[in-house]
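Hello,

Here is the structure we spoke about. My notes on what was found in it follow below.

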Amino acid sequence: MKDIREDIAWAQINKDVLKSLENPRRMYWVILFIAIAMVGVAVGCEVYQYTTGLGVANFSNPHVWGLYIATFIFWIGMSHSGTLLSAILHLMHADWRKPIYRFAEAMTTFSLMTAGLFVAVHLGRVWQIYYALPYPNMRQVWPNFQSPLLWDAMAIFTYLSSSILFLYVGMIPDLAICRDNMNPGWRKKLYTALALGWEGTDRQWRNFRVTYLTIACFLIPLAVSVHSIVASDFAMSQQPGWHITSFPPYFVAGALYSGCAAIITLFIILRYVFKFEEYMTMGILKKIVRLTFAIAMVWTYLNLIEYAAVWYGHDQAAKDVLIQKATGPYAPFWWAMNFCGSIVPLIMLFKRFQTHIPMMMAVSILLNLGMWLERWMIVAPTFSHGYYPWTWDHDQWPSLVQWGIVFGSFGWFGLLFMVFCKVFPSVSMYEVKEMVYHRSQATKKLEATGKMAAAGKGAH
Amino acid sequence: MSISTLLENYSEFRHFHPVDDVPHNPYKWAMSIDLDACSGCNACSVACYAENNLPVVGREKYLHGQAMHWMRIERYWDEDGREFPDQGAQFLPMMCQQCEAAPCETVCPVGATNHTPDGINSQIYNRCIGSRYCSANCPYKVRYFNWYDYPTTDNVWPAEMNQQLNPDVTVRGKGVMEKCTFCIQRVTVAKNNAKSEGRLVHDGEVQTACQQACPTSAISFGNLVDPESRVHKQWQVQKVELDKDAQTKDKEEGGSDLRGYRILEELRPYPSVMYLERVRETAI
């Protein structure tokens, strides 16, 4: 099974991708409408919560954090796969990433933006949010550099700005193609401005390659550190169930895992909506599915390590929290998380299912459900079962306001993502051309050697 | 490090956990609560409400766990096999333990909660952005968040009721964290008076609201650095260590007469509140 047809003409690639900017299937508008409706729900909930106070979200004394923080981690985690595909696989010369890295990179940017909103939704006094930034001020009041939340703020800002830059720089040659093929109008003006006068000269390509590689190298350690820092929010605290050394690698594995699962979901959606069947092929789907499976097993291992470390450790409070997770009010969610995270990916072992689109759609959504539950199961049970009995509170559940905002965040992400895919080329044209070229050259070479071998020449 | 570190050389302790450049601070405010004297009457809690302008949130919000009692009485029923009217109970007055190495202070992203040089864990309401990380990291869960706008929207103190508010204490708005301050407004007045007279604060010159209201005088508050203070003497007499075995046996069995402990001391937050009662291995 080939990753891409090797005889696609370059003009055909341009035509197919540019078509996605103009006339997608009707499903596009359905998805966009649903996304806007979901955002509407969230905005309503947030307005109510903002004017009344966070109490309406059913926060209480032990349960000071809830779904907002859990979903925040979920979205931060989601952002990691874009970097995995576009930067790590770029350095490893895995060229099958080329037709799909653009939307993965967009996913990174938009999920970071969604995560950023949760910080605002979560804060008691969001209008003072700039206190958390080390901005210069006359009174020399600085934020607290010891706090993992501050590291969070800085890491996420850095990651967001670098990934926007990476997405944009990687898109410049494609924007020039768009500019050259558009009829005059606002789109033409937009692409002209964004293409920065790209003409495709040798010098421009050379500078472009160096820039792209530099940002890729910069982004990889950044991606790892961002989720390690989010993990530090918990690992650096002193609470039972959070104070676990293995959290940073565990979080990074979970992040790559949920991100890869989301890539499968979006792959299937985009492939249908924008008629990308020629580019997002079954061969590529198979490769991402295998990658996801490998990461799923890494996550499962780290998850079991965490349980074992708590179980065999001497920290009675942490052990109680673990028992509470497995048997208490959160038990259905905890078991569902383990099932979705560790058992469901086994379906990916079957070759027949690796390219079975409805099955992979269902599996990828289940995996992400499991990963969302994982984040919730990290945050909530610790609050319900603290260090000593008076602080225990097993019956506090998030209110509909919290659920509404979490629900709407998926709509917000979908909205941003869908608008992006309609305005910018979501398949990288120039890289697909490269891929087609290199693949066809390789095939030609192979055929030539084959012929030579068949003719009895070149045996040595 | 042991309890004696706090008692004998507070400045040196602060050298390891620095808050300021003050080399020799003459004050370290601390408390001791005699649980054998506590009858669980809740007078301390009521006094705290009155002194510190705490909003009374009402039954519904209380049941949601949104009460604002800086000082709370935790009640633990004895497992003595008897039914309710005859069943015994243990009481634990719980407020901010003013930890010397406080878990809440290090995690605040904006530095809204800090340690004062005289050992009080202070909260700056104006600086708080409401991330609630401090409460998440507090092992005692003694930090209370303003989930609603109590003074205005919720109108906890309607007209004329607001005449009973303590003018020395701010009324906190929506979205900030608050907690027991060891009645810092009283401490500050006493310190200022003493300073203007060129002396140190005498023992007993400053009382917290809960201490003042306690009918059995179970609560003592004072300067731990002053060797003559009641708190210092109580801490010194009950020079208990983390190793609790000494208290679970009687003296004849090789134990000691000591009684007292600091809650969750094994987490090493160095709380400033000593509870006076013998440590038992089992519930009654």
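Between the two chains, 34 residues of chain B are in contact with 35 residues of chain A, where contact means that the C-beta atoms of two residues, placed from the backbone, lie within 7 Å. On the side of chain B that touches chain A, α5 (103–107), α6 (133–137) and β6 (144–145) each supply at least two residues. Of the elements on that side, α6(B) gives the most, with 4 residues. The residues of this side divide into 17 nonpolar, 10 polar and 7 charged; Ala, Val, Leu, Ile, Met, Phe, Trp, Tyr, Cys and Pro count as nonpolar, Asp, Glu, Lys and Arg as charged, and the others, Gly among them, as polar. Helices (H or I, at least four residues) and strands (E, at least two) are DSSP runs, numbered from the N terminus.

Please keep in mind that this is a predicted model, in which local features need pLDDT of at least 70 and side-chain atom pairs count only at pLDDT 80 or more, while totals for chains, interfaces and linings use all residues. Residues are numbered from 1 along each chain as its sequence is written, and chains are lettered from A and ligands numbered from 1 in the order in which they are written.

In chain B, 3 strands form an open sheet with mixed pairing, in the order β8-β1-β9; two strands pair if DSSP finds at least two bridges between them. β8 (219–223) and β9 (273–276) of chain B stand at the edges with a single partner strand each, so one side of each has no neighbour in the sheet. Strand β1 (residues 29–34) of chain B runs parallel to β9(B), and 4 bridges join them. B:Ile33 has B:Tyr275 in β9(B) as its bridge partner.

In chain A, helix α10 (residues 282–312) has 31 residues and reaches 44 Å from its first C-alpha to its last, close to the 45 Å expected, which is 1.5 Å times one less than its number of residues. Among its buried residues are A:Ile284, A:Leu291 and A:Trp299; buried means that 20 or more other C-beta atoms, placed from the backbone, lie within 10 Å of a residue's own. The cover over the buried residues of α10(A) includes α9 (247–273) and α14 (357–384) of chain A.

Helix α15 (residues 400–423) of chain A holds A:Gln402. A:Gln402 is buried, with 23 other C-beta atoms within 10 Å. Leaving aside neighbours within four places in sequence, A:Gln402 is in contact with A:Ala57, A:Asn58, A:Gly66, A:Leu67 and A:Tyr68. A:Glu46 is 356 residues from A:Gln402 in sequence, yet 8.8 Å from it in space, C-alpha to C-alpha.

Regards

Terms used: A residue is buried if 20 or more other C-beta atoms lie within 10 Å of its own, exposed if 12 or fewer, and partly exposed in between; C-beta atoms are placed from the backbone.
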